[in-house]
Amino acid sequence: MTVQPAFDLIFRNARLRSSPTLVDIGVTNGRIAAIEPRLACEGIEVDVGGRLALPGFVDTHIHLDKACLLERCGHIRGTLGDAIRAVSAMKRDFSTDDVYARGAKVLERAIVHGTTHMRTHVEIDPRIGLRSFEAVKALKRDYAWAIDLGLCVFPQEGLTNDPGADELLVQALRDGAHAIGGCPYTDPDPNAHLARIFDLAQQFDLDVDLHLDFDLDPSWSHLDEVCRQTERRDYGGRVAIGHATKLSALPPERLKAATAQLAKAGVAVTVLPATDLYLMGRDATHNAPRGLTLAHKLASDGIVCSVATNNVLNPFTPFGDASLLRMANLYANVAHAAVGDFDTCLDLVTELPARLMNLRDYGIAVGKPADLVVLDTQDSRFAIAELPDILMGFKSGRQTIERAPAKLFHPRN
């Protein structure tokens, strides 16, 4: 053992999904410098105790700007359109400070639950202007010590039908947005909507992340046009669609064709269990459909997929705690995932969403940032099955969260 520490920090006895044996992880200058069993060196040590270490959860689709609105609107039991109209009316009165405070509340919950990377969708239109955008930019700056936050700006209520929205969208893109989204099903000219979004994505060299096909009517879809635009512009690997609940309503042969189409174009899919379950099938009198697209099965067919949060405590989803592990568990239950699928379900909130967001610096590997979380389990399958506590979290080698394991106080005999 040397007198001078070889590493700034050493995680001892960590269990990785990629290793059959326990390993030590050496960290220097915030990055992983070594992964080996029993590193023979000195440094500040954190004993993981054989527990599972993951590279942090990745939330590809959340709306920080319209979270925590239930106190203002009550529990609205309505449709997707009702939810859009309710938030549209409220957001006229949103202030930057208001959006910041509500977003910070959810962001801190996400951090405590082990999320280290997040893409938040931010509405841009003449009703809200750039107030939400400015608030979320401030959140990105102020919470960079714990989470990497990317901003995907999009027009929730249409684009061709909303004078002034295009100019505001361009302004946000010039001012540091990280991705661009769209919502063609709210626009009277969805193809023009999509064409403009792809035009702007190319102009600013940004990824595209769309809200798409959010209902259970399989008689029409915008998926063909998204795939056509993606292939025409050579944008494979840079386009994602969120919700895509129509896929859950397709019979097997049509789903097989849609899956092949997605794979060929290189379009990723994000499933949003809490919102998709809450809003789909509400008019059914019996045998209500789940409305949940099976992301783990799409992933097995080569589609990059993720499971994400979407909305928290608002008319779209009056539930939520920003825990991606809980969301993956909810998904696995509703999707009838087999035990053999549990590792894939964990992939849906870690490795696969990192690929969807094109995160080049993600993972527990030499040279990567020391961003990791420690779960109170020794088996990755039980991360999904048991919902273990997140005991520790680190960002670039600096500890960001800690949760003591629960204790039982047995009565004395």
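The notes below cover the model, the helix pair and the pocket.

## About the model

This is a predicted model, in which local features need pLDDT of at least 70, side-chain atom pairs count only at pLDDT 80 or more, and totals for chains, interfaces and linings use all residues. Numbering starts from 1 along each chain as its sequence is written, and side-chain values use heavy atoms, with hydrogens and water left out.

## Helix 7 and helix 8

Helix 7 (residues 223-232) packs with helix 8 (residues 252-265) at an angle of about 25°, and their axes are 9 Å apart. Helices here are DSSP runs (H or I, at least four residues), as are strands (E, at least two), numbered from the N terminus. Axes are lines fitted to C-alpha atoms, for helices over the stretch in contact, and angles run from 0 to 180 degrees between N-to-C directions. The two helices are therefore roughly parallel to each other (angles under 35 degrees).

Helix 7 contributes Leu-223, Asp-224, Cys-227, Thr-230 and Glu-231 to the contact, and helix 8 contributes Ala-258, Gln-261, Leu-262, Lys-264 and Ala-265 (heavy atoms within 4.5 Å).

## The largest pocket

What volume does the largest pocket have? The value is about 270 Å³. A pocket is an open set of points on a 1 Å grid over the protein atoms alone, where a 1.4 Å probe fits, with protein on both sides within 12 Å along at least five of seven lines; lining residues have an atom within 4 Å of a point. The volume is the space filled by probe spheres set on the points, which are joined across faces, edges and corners.

Of the 18 lining residues, Arg-119, Gly-150, His-178, Met-357 and Leu-359 are the closest to the centre of the largest pocket. Strand 7 (115-123) and strand 8 (148-154) are the elements that give two or more residues to this lining, and strand 8 gives the most, with 4 residues.

Conventions. Parallel < 35°, antiparallel > 145°, perpendicular 65-115°, else oblique.
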